[in-house]
Amino acid sequence: MAVDRVRSVVFGEAVDLYESARPGYPERLATEVLEYAPDGPVLEVGAGTGKATAVFAARGIDLTCVEPDERMATALAANCPGVRVEVGIFEDYTPDRRFALLYSAQAWHWVDPERRWGLAHAALAPSGALALFWNHYLVTDPALRARLAEVDHSHGVSSFSLHQDHPIRNEEVQHLLAGDPRFTDLDERSYTWTEWYDAARYLDLVRTISAYRILPPERREPLLAELASALGDGIEMTFVTDLTLARRTPFPS
C-alpha cells in the first residue's frame with residue numbers, strides 16, 4: 001500500500017497540540033534500546049517535534065533526525081538543540097555514514113513499504129540495531145471506550161480511530177522482520193503506564209490523530225462536540241509502548 005503523503009504531514013498543522021497533548025516515551029525504553037545497540041551514531045526517522053528525540057538525546061548520543069515536515073522540524077530543533085536535523089522524507093535521505101542504531105517512534109508506517117527495509121539495512125552498519133516503536137492509546141474504562149468508538153463510527157471514522165481495541169502495527173512489523181534475512185535477533189518488548197487527561201487535553205489529543213485531522217471542519221467539529229459530551233471532566237488513559245528490535249545481519253549489503 002502506498003504512503004499517503006498528504007496524511008503523513010498533516011501533523012504539522014497542529015504542532016503546538018502535538019507537543020502538549022501527545023504522550024512521551026518511557027526512559028526505560030531508551031535505556032534498553034541503547035543497551036541492545038552497539039556504540040556509535042544514531043539515526044531517527046520521522047522525529048516530529050522530538051517526543052522520542054528528547055529521551056534519546058539526553059543520553060549524550062550523536063543523533064541525526066530526519067523529519068519530512070518543516071513545521072515539525074522547526075519545533076524539533078527548538079526542543080532538542082543538540083541534534084542534527086535533516087528536513088525531508090527518509091526515502092530521499094542519503095546517509096553520510098553508517099549508523100549503529102536506527103529508530104523510529106510512531107512514524108515507520110509513513111515510510112514507503114516497498115523500500116523501508118532496504119533503506120534501513122543500507123543505513124545501518126553491520127550488526128547495527130533497528131528499533132521501531134509506537135504508543136498505543138487506550139481509554140481505560142471499556143464502557144466509555146465503546147461509547148467513544150460508537151461516536152467515531154457514527155461520524156465515519158473507523159480506520160485508525162483513537163478508540164480501537166487492538167492495534168496491529170507491531171504485529172505486522174514483527175511478521176515482516178521475521179521473514180527478512182537482512183535482519184536477525186528479533187526481540188519484542190512492551191511498556192505500560194496510565195495518565196489522567198482532563199477533557200480539554202484529551203480533545204487536543206484527538207485533534208492530533210490523522211484520522212480526525214483529515215476531516216473537513218464541518219465534519220470534525222460536530223464529532224469533537226459529541227466526544228466532549230461523553231467525556232465528563234476527564235478520562236484515564238492507558239498507554240502501551242510496543243517496541244520491536246532487530247539487528248542488521250553482519251554481512252555487507
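Predicted model: local features only at pLDDT ≥ 70, side-chain atom pairs only at ≥ 80, totals over all residues.
Local features are reported only at pLDDT of at least 70 and side-chain atom pairs only at pLDDT 80 or more, whereas totals for chains, interfaces and linings use all residues. Residues are numbered from 1 along each chain as its sequence is written, and side-chain values use heavy atoms, with hydrogens and water left out.

The secondary structure of the chain comprises 11 helices and 7 strands; helices (H or I, at least four residues) and strands (E, at least two) are DSSP runs, numbered from the N terminus. The C-alpha trace spans about 55 × 35 × 35 Å along its principal axes. The radius of gyration of the chain is 18 Å, which agrees with the value near 18 Å for a compact globule of 253 residues. This radius is taken over C-alpha atoms, and the globule rule is 2.2 Å times the number of residues to the power 0.38. Of the 253 residues, 51% are buried, where buried means under 20% relative accessible area, exposed over 50%, and partly exposed in between (1.4 Å probe, protein chains only). Contact means heavy atoms within 4.5 Å. Among contacts between residues at least 6 apart in sequence, 79% join residues at least 24 apart.

Strand β1 (residues 42–45) is covered on both faces. Val 42 and Glu 44 are buried on one side, and Leu 43 and Val 45 are buried on the other. In a regular strand the side chains alternate between the two faces of the sheet. Strands are taken to pair if DSSP finds at least two bridges between them. Strand β1 pairs with strand β2 (residues 63–67) in the parallel sense over 4 bridges, and Val 66 in β2 is the bridge partner of Val 45. Strand β4 (residues 99–105) also runs parallel to β1, joined to it by 3 bridges; here Leu 102 stands opposite Leu 43.

Glu 44, in strand β1, is buried but has no salt bridge. A salt bridge is a side-chain nitrogen of Lys or Arg within 4 Å of a carboxyl oxygen of Asp or Glu. The nearest side chain of opposite charge to Glu 44 is that of Arg 22, 11 Å away; Lys and Arg count as positive and Asp and Glu as negative, while His and the chain ends are not counted. The side chain of Glu 44 makes a polar contact of 2.6 Å with that of Thr 53 and another of 2.8 Å with that of Tyr 103. A polar contact is a pair of N or O atoms within 3.5 Å; within protein, one must be able to donate a hydrogen and the other to accept it, and residues adjacent in sequence count only if both atoms are side-chain atoms. Beyond four places in sequence, the residues touched by Glu 44 include Ala 52, Leu 63 and Cys 65.

Thr 241 is located in strand β7 (residues 234–248) and is buried, with a relative accessible area of 0%. Its side chain forms a polar contact of 2.4 Å with that of Asn 135. Leaving aside neighbours within four places in sequence, Thr 241 is in contact with residues including Tyr 25, Phe 133, Arg 189 and Trp 193.

In helix α6 (residues 116–123), 6 of the 8 residues are buried, among them Trp 117, Leu 119 and His 121. Glu 221, in helix α11 (residues 217–231), is partly exposed, with a relative accessible area of 39%.
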